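Have the model open while you read.

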Amino acid sequence: MAGTPCYCTLQPMEIRRSSGLPLFLLLLLISTPLLFGSAIQFEAFSEELLLKPLPDRRVLAHFHFETKVPPTPTYGKHHRLFPKAIYQLVRKYRVREMELSFMQGRWNYERWGGSDPISSNNAKPPGVELWAVFDVPEDQVDATWKNLTHTLSGLFCASINFLESSTAYASPGWSFRQFSGPLRYGSLPREAVCTENLTPWLKLLPCRDKAGLATLMDRPSIYSGFYHSQRLHLTSTEFNSAGVEEGIILQQTLTVVLKPDAHKSGAAYVYERSMQPSWSLSSVFGREVHGKCVVADSSSIYLQLDGDLLAELNSLREEHGNSGRDNVYGFRLSADPDSVIHEASSSQSNNQFVLFKYLMDRYSDSEPFDLELTWTRPVYWSSSQAPLQSSRFLMGSGNERGAIAISLKSPKSKHGLSDGLSDEDSCKLKVHVFQLVPWYVKVYYHTLQVFVDGDRRSVADVIEKITVSPSEDKVSPGMMELALQLPCRAKSTILTIEFDKGFLHINEYPPDANQGFDIPSAIISFPGFQTSMQFSSDNHSFNSPLLAKLKENSSVSSYTEVLLVPLTTPDFSMPYNVITITCTVFALYFGSLLNALRRRVGEEERLLKSKAADNTGLIPKLLAKLSAKISGRQLDKSRTVPPTSSSSSSSYKKLIFKVVLVAGIAAAWQYYFN
């Protein structure tokens with residue numbers, strides 16, 4: 001019948017007959033997902049937010065969005081969550097891995113930390129930074145890079161297309177990162193970051209900023225902060241022929257450092273300099289969370305407290321004792337966390353951090369989520385520091401020569417570099433330096449000098465490996481990669497290298513040439529120090545892309561300042577002055593010449609006489625008539641007209657003099673310039 005479902009059953013004898021190849025295929029189809037369980041089978045999207053109080057009375061907010069899509073051969077080209085623009089970009093330019101970041105401000109490594117995963121992976125140089133790894137032949141990499149920069153420029157409303165020039169990008173080697181394909185790296189330090197870059201970045205999210213954690217991204221709150229880093233990381237195995245294909249993974253992160261507004265917070269406390277400011281989501285972002293994005297698989301908010309902060313609170317608690325349940329940690333939370341995640345014990349540090357996790361599944365418009373943190377005791381602590389604090393500056397004066405200096409200093413903390421290491425002189429600290437300079441900064445690499453604790457050392461004793469790519473005028477920038485081995489007890493190390501300032505064509509100067517020219521930030525990395533965070537239980541990080549990212553092993557790295565180099569700048573007003581005086585001379589010459597050629601002297605004299613006769617007043621005419629009647633003479637009309645002061649002969653002489661004078665000036669001007 002038409003509406004009756006039909007069930008097909010097999011008899012035991014039929015099962016025996018069908019056993020063989022069909023049964024083997026059935027078992028193969030069932031076992032395939034088990035064998036390749038690491039591959040993505042469906043599209044997935046997650047949103048997470050990490051909040052962290054900083055020692056200098058500020059708050060760190062780190063948004064993490066991750067979108068996954070299975071490989072095209074198994075899933076197809078039509079997607080439900082993954083942005084179509086990114087998918088087409090990966091397929092067209094065969095991108096294996098890419099990272100694009102927009103940064104405003106500068107990360108304070110001394111106060112906000114320098115050895116944790118967020119500072120090493122999300123603290124970027126000012127402006128725009130782009131690097132990409134392609135799966136194309138070597139002779140097509142540069143052309144693919146140029147097309148990629150134009151595509152990203154239109155997608156994010158930025159000047160990324162300026163990186164298409166061969167003078168703006170380079171090919172880093174071992175000092176940057178380890179990749180299996182051709183790599184290209186470029187940076188634009190002067191690129192301004194604004195809401196025009198954030199809006200297309202938010203459009204890549206399934207819910208944009210209309211629902212979920214992205215609703216907290218209030219433009220005035222974000223761009224009024226002290227630091228703003230907008231990052232997009234892309235990993236693709238679409239063109240990987242070996243191993244299991246995982247598809248495309250898109251990670252979007254936004255890291256901001258904000259100062260909480262004490263007047264907006266609902267907490268009642270005495271505002272003192274010794275007390276950390278209490279804050280809430282509504283006081284920091286001006287908004288609350290009204291639930292999660294409907295298509296998000298997970299939506300969570302984490303509150304992280306550093307190990308040094310917890311150690312300080314525990315010491316204060318032991319000193320003053322507990323006054324209540326809310327003062328266990330020295331602060332109060334407006335909502336109880338769904339779970340508490342502790343750091344796994346480590347032999348390197350006795351202070352473990354803690355994470356308070358809040359799930360957004362049970363919140364909605366009728367019951368919004370507004371986490372509030374109220375401090376009950378004044379507390380002081382310091383963030384974890386990198387092995388060495390790096391800075392960079394210029395030496396020398398004038399517009400001809402100069403020098404670049406990179407300073408590496410040991411942080412002033414209770415944990416020194418020799419902590420847990422041998423006291424012998426054989427202890428060495430490995431440091432990698434990656435430096436990219438424009439072509440008009442002509443670096444002399446043989447002038448490299450190294451000073452350790454003020455004493456000059458031989459380059460061979462400190463530098464283990466060096467790779468240099470000299471710049472070529474108007475073709476390619478200069479690149480230097482260094483592998484240093486410094487003594488563990490060294491307090492400071494300074495690297496200096498000299499350079500000459502080149503000359504640019506007038507068409508190559510930017511509109512604000514007098515401001516100076518930027519040298520991109522140098523990258524300092526420490527291969528022997530990892531930034532991974534280990535948790536006491538793997539169940540939390542298994543379903544959390546953010547915690548899984550924090551668990552990845554990556555080297556501690558930092559960026560130096562952007563250098564501003566003044567170059568010899570021409571007087572851009574000189575062409576204007578030349579054009580102005582030339583036009584003035586030509587106007588006088590041709591104006592006087594045309595006036596002399598077209599003027600008629602006789603007609604002008606008659607015209608002047610007629611005008612003078614017409615302009616004679618009524619009273620002189622009446623007096624002349626009265627005088628003629630009294631004397632008995634007839635009225636002479638020629639007397640009523642005043643005589644003209646110029647004659648025809650004098651007019652012709654003046655005209656000839658003017659023509660000769662103008663012609664002489666023009667001839668002298670032409671002779672002078674020839």
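Here is a quick tour of the fold, then the disulfides and the remaining cysteines.

This is a predicted model, where local features need pLDDT of at least 70, side-chain atom pairs count only at pLDDT 80 or more, and totals for chains, interfaces and linings use all residues. Residues are numbered from 1 along each chain as its sequence is written, and side-chain values use heavy atoms, with hydrogens and water left out.

The protein chain has 18 helices and 26 strands; these are DSSP runs (helices H or I, at least four residues; strands E, at least two), numbered from the N terminus. Of its 674 residues, 43% are buried, where buried means under 20% relative accessible area, exposed over 50%, and partly exposed in between (1.4 Å probe, protein chains only).

On to the cysteines: a search of the whole structure turns up two disulfides, a disulfide being a pair of cysteine sulfur atoms within 2.5 Å.

| Pair | Sulfur atoms apart | Torsion about S-S |
|---|---|---|
| C207 and C293 | 1.7 Å | 70° |
| C427 and C488 | 2.0 Å | about -75° |

C207 sits in the loop between helix 8 and helix 9, and C293 in the loop between helix 10 and strand 10, so this pair ties together parts 86 residues apart in sequence. C207 is buried at 15% relative accessible area, and C293 is buried at 0%.

What about C427 and C488, buried or exposed? Both are buried.

C157 has its closest cysteine sulfur in C194, 8.6 Å away, too far for a bond. C157 is partly exposed at 46%, and C583 is partly exposed at 48%.
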